[in-house]
Amino acid sequence: MQTTRPRLDPSAASAGTMMDVPLTIRWIFEHNQRSHGMREVVSREDDGSLFRYTYADFGARVAQLASALVEMGIRPGDRVASFGWNTHRHLELYFAVPMIGAILHTANIRLFPEQVCWVFEHADDKAIFVDGSLVPAVARALAVRPASSRQFVVMGASQVELPGALDYEAQLAGQPSEFEWPELDERSGAILCYTSATTGDPKGVVFTHRSTLLHAFAAGMADGLGLTQRDVVMPVVPMFHVNAWGIPFLVPMVGAKLVLPGAKLDPASLIDLLERETVTVSLGVPTVWLAVRDEMERRDLRLPALKRLVIGGSAVPPSLFDDLEKRGVRTMHAWGMTEMSPIGTASQLTADLESASWDVQRAALLKQGRFTPLVAWKILDDNGEPVPHDGKTAGVLWVRGPAVTRSYYRLDEDLPVFKDGYFMTGDVCTIDRLGYLQLVDRTKDLVKSGGEWISSVDLENAIMGHPAVREAAVIGVAHPKWVERPIAVVALREGQSVDEPSLRAWIGERVVKWQIPDRIVFVDAIPRTGVGKFLKRELRERYKDLLGV
Ligand code: AMP
């Protein structure tokens, strides 16, 4: 007997299935308002004082800001820039701008004036919201190239006048505390962020509503950042850098208390907030925590409320991990990229490791971690073959997923980093049998000496383990015989000293002999990118002739 399969009628595909509701940032906002209205947001003002309000107050101001934006002529699809620290006003922009259908361009405040002009022009921002304390930086950029067609809005008090600028609070005053949010396409742009550009022009990445919402769920899972309503979270990672790792969305979604440190990022001010607000989870790049560790050690301080520091952006030096551990603070290593919204991995112990020795657990926690559920990945060797999952063989990491970008904003060329539906991260990594990713280096930072690769990260970790060293950056410098050799640029801890031969001897006990840097240069501070990573491009330029080529 012939059987016929029932034919699927595409027009009936939605009948009897789930509601087709767009995945937009509004879900986060409205859930926050329905469920977490009484929880608090604390924000450091430019004058050092602390501003506090509840999420319910925040919601009313987001609605007022939305009306103000519409009155200013902002339309769906327009870009609106923010130029600000981590503050409650910046948080309001994070919601109001995308929820009216416009795109928030979170400009990096640490760029040079020429670069600031470049990103404003490239993004074609219609309005620019500037923190009062950052008006001089914007004025310097406008002196390079005026931007007459853009509307400036100043947030908070400013010592310097920006001609024609509106005042943020005056724009909100008198606006209704409710707003009729438009229904948006989940694939429309929400946030535009430029990569930190250690090479070439910055490249823009547009996060959509859908990618932002999915990223918040994936990054926030218990084995991801693991945040809950009971947490008090302080992002030190800036809101002008990849959505502060998604925190401005994740924290209001789970309803944790949010502590925003504003412009005061010195270790004493951060510790003051950590203590005073009983912060349970804080996040930032290693540099921030190196300075906080030094201050904690100087004052022999413990922070009993602080459960976890999420550290990423560059590799966590093992010495920092150990020092924090001694003070009762667990480090969670996380890895990601602007192109990935950004969280890709977080390091927590798997079931297999729960009963392992501390040495084994420590080694796993020092790796960059295991992937979040919405990242598919492959690690390919030089022949394009997948590397074995042995935690040793390194290859280049490619990623794919609904929160990974498929191209750069307004850059139409076909770039080799986008291939077969994957994005090439440029990170050289290993993966072990338990799925822990470990970064060996950035492709461009590996040092190739006489045909052998040397990991700058391994060397930096070895050097930073020395008690007198605050930080160390390793670069490859041209060499007459070996083509390239590593040199180390080192900044010492305050009041400490060590000379080059002793430091070389220390390194020699930790890496094979041929990897010991040819020279160690001592400096007061290592130059950094706008988001706190070592500016290796500048170091390479500065020391290019050091080995006498
Ligand atoms: P960005 O887009 O500015 O966030 O930079 C992304 C790059 O930072 C990555 O491709 C890595 O090279 C580096 N990075 C981020 N997190 C880590 C980490 N935990 N360890 C080492 N490198 C990292």
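This is a predicted model: local features need pLDDT of at least 70, side-chain atom pairs count only at pLDDT 80 or more; totals for chains, interfaces and linings use all residues.
Local features need pLDDT of at least 70 and side-chain atom pairs count only at pLDDT 80 or more, while totals for chains, interfaces and linings use all residues. Residues are numbered from 1 along each chain as its sequence is written, and side-chain values use heavy atoms, with hydrogens and water left out.

**Domains and interface**

The protein splits into domain 1 (25–241 + 250–261), domain 2 (375–443) and domain 3 (446–542). These bounds come from an automatic or database domain assignment. The centres of domain 2 and domain 3, taken over C-alpha atoms, are 26 Å apart. Five residues of domain 2 are in contact with five residues of domain 3 (contact means heavy atoms within 4.5 Å).

Domain 2 and domain 3 bury about 390 Å² between them, with 45% of it on carbon and sulfur atoms. Buried area is the accessible area (1.4 Å probe) that two parts lose on being put together, summed over both. Val440, Asp441 and Thr443 supply 78% of what domain 2 buries against domain 3, more than any other three residues.

What polar links cross the interface? Four residue pairs of domain 2 and domain 3 are in polar contact, both residues at pLDDT 80 or more. A polar contact is a pair of N or O atoms within 3.5 Å; within protein, one must be able to donate a hydrogen and the other to accept it, and residues adjacent in sequence count only if both atoms are side-chain atoms. Strand β21 (residues 437–442) gives the most to the domain 2 side, with three residues. Strands are DSSP runs (E, at least two residues), and helices are runs of H or I with at least four, both numbered from the N terminus.

**Sheets**

An open sheet of seven strands runs in the order β7-β6-β5-β3-β4-β8-β9, with mixed pairing. β7 (166–167) and β9 (204–208) stand at the edges with a single partner strand each, so one side of each has no neighbour in the sheet. Two strands pair if DSSP finds at least two bridges between them. Two pairings are tabulated below.

| Strand | Partner | Sense | Bridges |
|---|---|---|---|
| β8 (residues 189–194) | β9 | antiparallel | five bridges |
| β20 (residues 422–431) | β21 | antiparallel | five bridges |

Leu192 stands opposite Val206 in β9. Val428 has Asp441 in β21 as its bridge partner. The hairpin of β20 and β21 has five residues between the strands, and Gly435 there takes a positive phi near 90°.

**Backbone exceptions**

Most residues other than glycine have a negative phi, and most peptide bonds are trans. Trp245 is not a glycine, yet has a positive phi of about 60°. Trp245 sits in the loop between β10 (232–235) and α8 (247–254). A cis peptide bond joins Ser341 and Pro342, with omega about 10°. Pro342 lies in the loop between β14 (330–336) and β15 (343–346).
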